[in-house]
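Subject: Structure for you to look at

Hello,

Here is the structure I promised to pass on. Please open it first, then read my notes below.

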Amino acid sequence: VTMLEEHGDRNYISLETGDRHFYRCFIAPGATQSAWRHCHPFITLDGCYTKSRFRIILLLACTLDAKNKILPLTWGIVLIKDGKNWTWFLNHMRFYFDSMDMEGMVFISSQDKDLQTAVLEVLSKVDHSHCYQHLAGNIQKHFGLQAQNAFWKASYALNAFNFEEAL
């Protein structure tokens, strides 16, 4: 964090500590703010547990650049993946990328209820959808592999006829 703070006045960092304990950290490198202007109006959000001796969670926001390559925009480190931390993360993201909460912007995430609530609260103008991979996994879990295969075929259908044929 110190290195990012020293090497760029456009880097945005929020570090919360107290009583010699870490609480959470948000990082948005300055270069991502410049790159954001040339990206698709599409952001994916996810959180995952790290494999380390510290029980921490990595929150991540990514987009697609003009060449359809994945661009990590921001990341955060929190102790608990809950609505309070997702709201905190999204508020920092909205502050740093001021054009993020607008109509036509699409956010994709898992079906995490805390994340869904935070997106609705912080980014009220965006469209929020679910990740196809998570949906496909749930379809297979509840209806079997044949239903999942039909889901993927329908997802890639380019017209109504192919969509109906897939189902």
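The largest nonpolar core has 29 residues. Such a core is a set of buried Ala, Val, Leu, Ile, Met, Phe, Trp, Tyr and Cys residues joined through side-chain atoms within 4.5 Å. Buried means under 20% relative accessible area, with a 1.4 Å probe and protein chains only. Ile43, Leu45, Phe89, Leu90, Met93 and Phe107 touch the most other members. Helix H3 gives the most to this core, six residues. E2, E3, E4, E5, H3 and H4 each supply at least two.

A note on the source: this is a predicted model, where local features need pLDDT of at least 70 and side-chain atom pairs count only at pLDDT 80 or more, while totals for chains, interfaces and linings use all residues. Residues are numbered from 1 along each chain as its sequence is written, and side-chain values use heavy atoms, leaving out hydrogens and water.

Look at Leu90 next. Neighbours within four places in sequence aside, Leu90 is in contact (heavy atoms within 4.5 Å) with Leu45, Leu115, Ala118, Val119, Val122 and Leu123.

Now the sheet. Its seven strands (DSSP E runs of at least two residues; helices are H or I runs of at least four, and both are numbered from the N terminus) form an open sheet in the order E1-E2-E5-E4-E3-E6-E7, with mixed pairing. Two strands pair if DSSP finds at least two bridges between them. E1 (12-18) and E7 (127-130) stand at the edges with a single partner strand each, so one side of each has no neighbour in the sheet.

E2 (residues 21-28) and E5 (residues 70-78) run antiparallel, joined by four bridges. Arg24 has Val78 in E5 as its bridge partner.

Best wishes

Terms used
Buried < 20%, exposed > 50% of the residue type's maximum accessible area, 1.4 Å probe, protein only.
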